Amino acid sequence: MENVRVRFAPSPTGFLHIGGARTALFNWLFAKHEGGKFILRIEDTDTERSTSEYQMNILEDLRWLGLDWDEGPEVEGRFSPYLQSQRFSIYQSYIQRLLDSGQAYYCFCSMQELEKERFESEKKKLPYHYSKKCRTLSQQEIEHQMKNNVAFSIRIKVPNEGQLVIQDMIRGTVSFQWNDFDDFIVVRSQGGATYNLVVVIDDALMKISHVIRGEDHLSNTPKQILLYQALSFEVPRFAHIPLILGADKSRLSKRHGAVSIGEFRRQGYLPETMINYLAHLGWSMDGTTEVFSRETLVKHFSLTRVIKSAACFDYAKLQWLNGKYIREMDKDTFIHLGTAVLLEKNIISSEFIKNHENQVRKIMLIVKDHVKLISDIAHQTDYFFNPIENYNLELIEKFSNIEVTKRLEEFFDLILPMTSFDAAELEKSIRHLADQKKLKLADYVHPVRFALTGQLTSPGLFEVMEILGHDSCIDRITRLSNGLKTQMSAKK
RNA sequence: GACCCCAUCGUCUAGAGGCCUAGGACGCCGGGUUUUCAUCCCGGCAACACGGGUUCGACUCCCGUUGGGGUCGCCA
């Protein structure tokens, strides 16, 4: 395809959410696949609700996802600026053109009047339509109103009849009847062009070839096509992708769980996971492949394989995918991410990392395959670096019996004289001990694991011991033994 | 309510008239490996919304019903 140019045009009135991220992804993938350009444009014409914080956030999240833009804020390009708030003057001449050609007209109806019209038709249970009474105002009437400084908006003359047929790349043929549409407003009475106008002007000026966006825009498309034609712009191709729903099939919202990219990032999801998951939500490569790299995605992505129906977001599958990516992750990358989490949560200091680099490495690698979210690393490694704060009371209760204390004592006696503390060696001696006492290995492992980690699950116990070291093991076993004994005597 | 879109296991999806006894994945259940958890490996449960057509034949095409979603702003 020649000169593919697509864009993602978020409005900075909130954080980048899952749906927006997927729209951005599909645009990005399409551009990369076709060898085209991906443009980022900020739609901040709603000055009331737009903030620069949100804008910064969106850019940051897009970069985190690796969805870099060829043109847009901070990189600029042939069609700068890419913030609509800086393009107001550009829109002016096009508004004039619409007025001059008679395709748009001044409307002096006040909000109150319109409200009344709306109320009246609601009372009669009729679908509301603007009366179009300003459409036929004479030149004198217009001048008269202007002279009196009556506030006006500008409306587009929508054809009274006929239909408009869209060839959507995903949905196929979609047709609308013009008489279902109102003469919509393109310039507010306070001044300022509205979304439908600016989106068309910008897409045309920025030479956007394909408009790929959420299905919620499908109903707006006829209005926009009308504007393209009114301004003699070339109409781009449209592709409306299905929306993302929550588990209950209602629109995805906070009550379903995390919805913004930032939240997922903070929870410990990887950008690769998000990309992979989002790509497969509404698109498939072949029906069997579940895990695809960015390169594979770029190579195979096509709008023709985007499904038409809305998809429910599945947190469980997302988590599974994240675990898979973590397991397959390069060791150094994992260590890097893991230590960052530990630093952030104040589990270790950067001093400590400097002085114990090898130990930190070892600990990271030992938990790598157990982690589903990067943030899990914190509670899965805390006991290596810090003393166990308090043993869980319920578990203390569970382990409070004579058998357990006996096992701990035997174990203690076994390791006390040891001079080397190697995982393989430890395993050999402990197996030997169990055999001797005619017990299962697990009879020793479970109480000791609890003593050393304060948890019921951990990576291989012998490796844990090797890392903790002789003295620390002795201390913790002593501490738990004493704790259990106290508990048992208190019960008597 | 009007208009538009959609409809395969609980969820994500494959399926473009006979390849379907409907495939894969997550989840779930059972089993194996492991000192525990996770991993890994086996196995299992589970779907074409409904009703009419068209056709020798329909998950696939058409119509209707139902259900879900979207849009009806001087928001984007």
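The model is a predicted one.

The largest pocket holds about 1300 Å³ of space. It is lined by 43 residues, and the closest to its centre are Ser11, His17, Asp216, His217 and Arg251. Strand E1 (5-8), helix H1 (18-34), helix H6 (195-205) and strand E8 (210-214) are the elements that each give two or more residues to this lining. H1 gives the most, with six residues. Sorted by class, the lining has 18 nonpolar, 15 polar and 10 charged residues.

Now the rings. There are 20 aromatic pairs in the model. In one of them, the ring centres of phenylalanine 108 and phenylalanine 152 are 6.0 Å apart; their planes stand at 65°, over the 60 degrees required, so this pair is edge-to-face. The two residues are 44 residues apart, with phenylalanine 108 in the loop between E3 and H4 and phenylalanine 152 in the loop between H5 and E4. Phenylalanine 108 is buried at 6% relative accessibility, whereas phenylalanine 152, at 26%, is partly exposed.

Another pair is phenylalanine 264 with tyrosine 315. Here the centres are 6.2 Å apart and the planes are at 20°, so the pair is stacked. Phenylalanine 264 belongs to helix H8 and tyrosine 315 to helix H11, so the pair ties together parts 51 residues apart in sequence. Phenylalanine 264 is buried, at 0%; tyrosine 315 is partly exposed, at 24%.

Last, charges over rings. The charged end of arginine 265 sits over the ring of tryptophan 64, 5.7 Å from its centre. Lysine 398 lies over the face of phenylalanine 399, 5.4 Å from the ring centre.

Technical notes:
Residues are numbered from 1 along each chain as its sequence is written. Chains are lettered from A and ligands numbered from 1 in the order in which they are written. This is a predicted model: local features need pLDDT of at least 70, side-chain atom pairs count only at pLDDT 80 or more; totals for chains, interfaces and linings use all residues. Side-chain values use heavy atoms; hydrogens and water are left out. On a 1 Å grid over the protein atoms alone, a cavity is a set of points where a 1.4 Å probe fits but cannot get out, and a pocket is an open set with protein on both sides within 12 Å along at least five of seven lines; lining residues have an atom within 4 Å of a point. Grid points are joined across faces, edges and corners, and a volume is the space filled by probe spheres set on the points. Helices (H or I, at least four residues) and strands (E, at least two) are DSSP runs, numbered from the N terminus. Ala, Val, Leu, Ile, Met, Phe, Trp, Tyr, Cys and Pro count as nonpolar, Asp, Glu, Lys and Arg as charged, and the others, Gly among them, as polar. Rings of Phe, Tyr and Trp (its six-membered ring) pair if their centres lie within 6.5 Å; planes under 30 degrees apart count as stacked, over 60 as edge-to-face and the rest as tilted. Buried means under 20% relative accessible area, exposed over 50%, partly exposed in between (1.4 Å probe, protein chains only). A charge sits over a ring if NZ of Lys or CZ of Arg is within 6 Å of the ring centre and within 35 degrees of the ring normal.
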